[in-house]
Number of protein chains: 4
Amino acid sequence: MNYETYLCLDQLLTAQRPLSLQNKRPAHDEWLFITVHHTYEIWFKQILIELDSILASLSSEQVEEREMDVVVARLERVNKIFHVIAGQFDILETMTPMDFLEFRDLIFQASGFQSYQFRLLENKLGLRPGDRLVYHEKPYTSDLSPKKADEVKASESAATLFDRLDAWLARTPFLAAKEFAFWDEYKKAVEVMFQHDEKFIRDNSTLSGDEKSRLVGVVHGQRQMFVDLFNERAYDEQRARGEWRLSYRAIHAAFLIQLYRDQPIFHLPFRLITEVLNLDSHLAQWRYRHALMVKRMLGMRMGSGGSVGEKYLRETTDKHKIFEDFYKLTTFFIPRSRLPKLPDEFARQLDFAFKSGR
Amino acid sequence: MNYETYLCLDQLLTAQRPLSLQNKRPAHDEWLFITVHHTYEIWFKQILIELDSILASLSSEQVEEREMDVVVARLERVNKIFHVIAGQFDILETMTPMDFLEFRDLIFQASGFQSYQFRLLENKLGLRPGDRLVYHEKPYTSDLSPKKADEVKASESAATLFDRLDAWLARTPFLAAKEFAFWDEYKKAVEVMFQHDEKFIRDNSTLSGDEKSRLVGVVHGQRQMFVDLFNERAYDEQRARGEWRLSYRAIHAAFLIQLYRDQPIFHLPFRLITEVLNLDSHLAQWRYRHALMVKRMLGMRMGSGGSVGEKYLRETTDKHKIFEDFYKLTTFFIPRSRLPKLPDEFARQLDFAFKSGR
Amino acid sequence: MNYETYLCLDQLLTAQRPLSLQNKRPAHDEWLFITVHHTYEIWFKQILIELDSILASLSSEQVEEREMDVVVARLERVNKIFHVIAGQFDILETMTPMDFLEFRDLIFQASGFQSYQFRLLENKLGLRPGDRLVYHEKPYTSDLSPKKADEVKASESAATLFDRLDAWLARTPFLAAKEFAFWDEYKKAVEVMFQHDEKFIRDNSTLSGDEKSRLVGVVHGQRQMFVDLFNERAYDEQRARGEWRLSYRAIHAAFLIQLYRDQPIFHLPFRLITEVLNLDSHLAQWRYRHALMVKRMLGMRMGSGGSVGEKYLRETTDKHKIFEDFYKLTTFFIPRSRLPKLPDEFARQLDFAFKSGR
Amino acid sequence: MNYETYLCLDQLLTAQRPLSLQNKRPAHDEWLFITVHHTYEIWFKQILIELDSILASLSSEQVEEREMDVVVARLERVNKIFHVIAGQFDILETMTPMDFLEFRDLIFQASGFQSYQFRLLENKLGLRPGDRLVYHEKPYTSDLSPKKADEVKASESAATLFDRLDAWLARTPFLAAKEFAFWDEYKKAVEVMFQHDEKFIRDNSTLSGDEKSRLVGVVHGQRQMFVDLFNERAYDEQRARGEWRLSYRAIHAAFLIQLYRDQPIFHLPFRLITEVLNLDSHLAQWRYRHALMVKRMLGMRMGSGGSVGEKYLRETTDKHKIFEDFYKLTTFFIPRSRLPKLPDEFARQLDFAFKSGR
């Protein structure tokens, strides 16, 4: 065994087969076109491997802390992969539209839209079939080979990162701690903050009556948003309308973790949420960059495979959202100085055994 | 003189003054917030310096080729700057929303929306006042100091990169060459191509009658787009409706340059158009990344300075377009093999003196 | 207060003063030269601010876990800063050597070598004065203004990241645990591994006698390296010769943390070591890139300020090492399957209070 | 035909075959290890394709300007590829040394040293066999399969980018122009500059006698470097000693192009030289980054395949130089204001036919 046989280089490096070459009208840049797609697909495979291992780790009812370390490390890896492959568009854009035209007709029926690995990726992350943009009034799997289409359809009902994360958050034992009723305490702290803000405005002698009314109105408006969040029924109604996706209990846990991220036991969960936000941001940037590239290469033409090209891609940037809730939560953070203080007994549970045992 | 005095380091490095420090409640991350804004503003200043020099070069009626080399090199520089500063958002995002909340109230009235250098930059590139998103029903200069507001307003009616580029393209002498009527020849070549495509479909015995009708319909639809482009009056109507912005003559030149980019005299003009597309793409990516960062930091809250935050920023990504026409042109390219061949006499004019003199 | 006054933009944006402009022979690219140096110096200031806060956190005898989270987050931030500013060389290189020559003579006496912030940075990280390359046979502070030179000299004997890290590692309580004598157990595991390797070779009937002798020799050579590591006196002798820098106890802790990184209490310490390695790698890449840029701009000439330019910079890449020990440790890792298993009682101490209390 | 069949995805995506999986002791990170190597090899293949097309273009005795445009564009592409793949090391480093140890023994005999595509790449760029570091006292092809070894050996005596570039430069017709004897004029300009510098020092009443002597000594030292350059025999002796590699005539052309880069006919040649410098810089950065990664993963151990690892790689960074001459040239540039002015007649030959014909 050596480098060449270990890596199956003969198999790998004979998979690039330009059609223009077979048609005896070689278009040099078709090599680049294939190379870029090949590196994308190999990286997609790697992302799927990482994602599957993450989903497996999160599937048990009781996830060990040491497994969470692996989960976070692999999400970080996926994010680094997305960072690098976003840069690959810069390489592809060294092919000019005129160079692309040399072989575009030959590959008209092949479209990135048919990348089953990318569809799998979206599904495993948690993109719901109903949230997909409809395209040419056909199901999004219609152009895949039957076997791949089945695999992609099956992934719709299999475990997703979003669902696993929701369940894991909802299981957080600290929500039910008898020493600290987090949600109630948070409600109170928020109410104190708004009362303080309103009093501050009313007592401020430098403001006119009109100014005071206007500013108090702003405070009331903000308070109403919190009131809606604190009311489980209101939340569930919002959720039914699609304004939220996480379960109510998962929302509580996500707040607890982010507001008290400096407690040792929340370090890893906080990093997990951070990496999920990074993942969402990277995926959005990748889609946006993809759309810009297609606009540049094709203008208003249809894309390869007959897709509607840039417009469709740009719209997926806005519509194919998965982890949007985690951004929304930020709206309801309050400054550390206003947070309820954790009871000592409770804080001890969030610390390491070693220290609490001393 | 030494490094320290040459660079006025004392002045430079005492301009970072956190309000939280002055208020005796130091928020560590306010340093980062200021540093990131400072490096942005210094880079914006550099971009404006490059842009002013480019506008000056393009202002003369007859721009020397050696000046065009400088223009292209400086646009490339601006693009490299945008690439680097887009990465700065990754640094800023190491500040978490909770860390931002520590000093956010103190700086509530300061907003990136008030960066007069960025407004100048948009105007000098060619963003038209009427194309700006209206914000809080107030003019976009309303929060600037009077002196800066005047400067920004003045830039609205001063030279812009878009206008200079349009004029420079429109002056291309080769459009009027007696040896080669480019636009007429291009029209003919396009017509030949569509007739060939239609015939190819009709003669194809493997297609059903329905298939043939459908495909011929597609060809006719594409031809109509060209017909509209080739009709100056139709073009001017589209332009009046805002669908195009370049003058008709500039459009011709942009086609000529991109279709025949391999002619020596078109090398630099082609690179110029390429760098303009890169600039547009970089600016769009910067805006999009900015919006993602704000969404992450603020959720649905109002931004600092009371701006509507992420939503406004994301919409500018779609609406504050300047160089869109250059993407649209791509739609009307045809393969090299179908391009009209340049008469030898004409090709000679596009070559170097040295060679033609041999 | 608004954006402009909050950020002291008038002060910031009037600190760019090209000498070529004052001398009435404007060299356009001097603007870029100044801008690049200004952004570097502002980022260096930010790095120093982060570093000071990290050193302060690590200065107490008992660093709280929640502080370690902040320490790691700020090191990550410093690494992201280094990543971005390394990219700035790409911008500077858009200035060609001929463009630099236009103003080089004017600034001959100013050299990046005189950046006192960079000297401070090196010292605070832990570069020892004796490890510095001697330059022109003069002390490295000789070209600084007296006040800055004093500040830099003072930092030589102040706290450094290296020392704080060494002390923090050496304090690890788990090295002295009565349930698990880590160093002794590790020695035994290594010995078992080498005996197994040697037996494996001797029992291998496919190998010739010569092959066996050669391979056994390799195993013995590797074992000797471990023997030297396991002998405190041998280690101290190597350390006296400058082959190691960490204290023996810190070395033990660094092994414990990295080999058992999946134990919850080691997550943060492991990330800390990882970020220190990242920092070292980023600094090395920054130096190397800097040297390439100078070589390109100046060839074999002396640099601005009369420095010996690229050669000096490239040598600092190899010689100005600080955290080299952390790379060396890797040499002595053994596979997880061969690691001594942690006694349950001991593992419980490395876990969270909550879990162990259930 | 669709996306899947066009790209031979089944072949491509079954070439990743972890040995640890076949051995029933799956090491998750072996997937990443293979993926990173696969994307590297696919990109290397693409770089070789671009390089071959560049060598073909440069092989004719008379390279058309329009072909030079393609050559430069493809070199730019290669540089963008190197930029992206350098970032891949960040992904690989998410695998920790302990994770690597899980499968390292299985692949001990496979080493990146055996990448025949990388050897081909080095040879095609122009790395001379005699300039290679000797490794384990064996030829660098000794671990390749016989067929690949032959291919690599053959490339040693085939066309290289360095040689093609040297020949192309040496053919520059303008060196022999009767209107302008460039080299003689340059010599004169340099001499005038040094006389001026010396006189400036001697006439400077603020300098002491000692200062004057010292500074005049510096000027004389610099002049001597130019004298050696201007003497063809001295140059050839330096070249025989390996201090220069380009032919004397190629050196002249490289100066002419870089000093007078603003002449239209030199735009493309200047960009070509710039991209060659970029390529050299990218390759150096890639090697340096590679060495850092190996140091981190392996410490002082031997690399996979038994290579001496980081030390060898770091040394190749310094020793495997190809285009070093182009950096050295910079040393001998003089400011634009001191350059000999081009005679009008000559300048006209460097311009476009169109303009000169008016």
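Helices (H or I, at least four residues) and strands (E, at least two) are taken here as DSSP runs, numbered from the N terminus. The structure described is a predicted model, in which local features need pLDDT of at least 70 and side-chain atom pairs count only at pLDDT 80 or more, whereas totals for chains, interfaces and linings use all residues. Residues are numbered from 1 along each chain as its sequence is written, and chains are lettered from A and ligands numbered from 1 in the order in which they are written.

On this basis, chain A holds 18 helices and zero strands, and its C-alpha atoms fill a box of roughly 80 × 60 × 35 Å along the principal axes. Of the 358 residues in chain A, 40% are buried, a residue being buried if 20 or more other C-beta atoms lie within 10 Å of its own, exposed if 12 or fewer, and partly exposed in between, with C-beta atoms placed from the backbone. Two residues are in contact if their C-beta atoms, placed in that way, lie within 7 Å; among the contacts in chain A with a separation of 6 or more, 75% are made by residues 24 or more positions apart.

Within chain B, helix H7 (residues 116-125) has eight of its 10 residues buried and is therefore largely enclosed by the rest of the structure. The buried residues of H7(B) are Tyr116(B), Gln117(B), Arg119(B), Leu120(B), Glu122(B), Asn123(B), Lys124(B) and Leu125(B), and what covers them includes helix H4 (29-58), helix H8 (146-156) and helix H9 (161-170) of chain B. Gly126(B), which follows H7(B), has a positive phi, near 125 degrees.

A helix pair in chain B was also examined. The axes of helix H10 (residues 182-202) and helix H11 (residues 209-230) of chain B come within 9 Å and cross at roughly 175 degrees, where axes are lines fitted to C-alpha atoms, for helices over the stretch in contact, and angles run from 0 to 180 degrees between N-to-C directions. H10(B) and H11(B) are therefore roughly antiparallel to each other, given that angles under 35 degrees count as roughly parallel, over 145 as roughly antiparallel, 65 to 115 as roughly perpendicular and the rest as oblique. In H10(B), the residues that meet H11(B) include Val190(B), Phe194(B) and Ile201(B), and those of H11(B) that meet H10(B) include Leu215(B), Val219(B) and Phe226(B). By class, this contact has eight nonpolar, no polar and six charged residues, with Ala, Val, Leu, Ile, Met, Phe, Trp, Tyr, Cys and Pro counted as nonpolar, Asp, Glu, Lys and Arg as charged, and the others, Gly among them, as polar.

Between chains, 52 residues of chain D are in contact with 51 residues of chain A. Helix H1 (3-6), helix H2 (9-12), helix H4 (29-58) and helix H5 (65-92) of chain D each supply at least two residues of the side that touches chain A, and H4(D) gives the most, with 14 residues. That side of chain D divides into 22 nonpolar, 20 polar and 10 charged residues. Chain D is superposed on chain A by a rotation of 180 degrees with 0.0 Å of shift along its axis (RMSD 0.0 Å), which is the relation of a two-fold axis, copies being superposed by least squares on the C-alpha atoms of residues with pLDDT of at least 70 in both.

For chain C, 17 residues are in contact with 18 residues of chain A, and the side of chain C that touches chain A has seven nonpolar, four polar and six charged residues.
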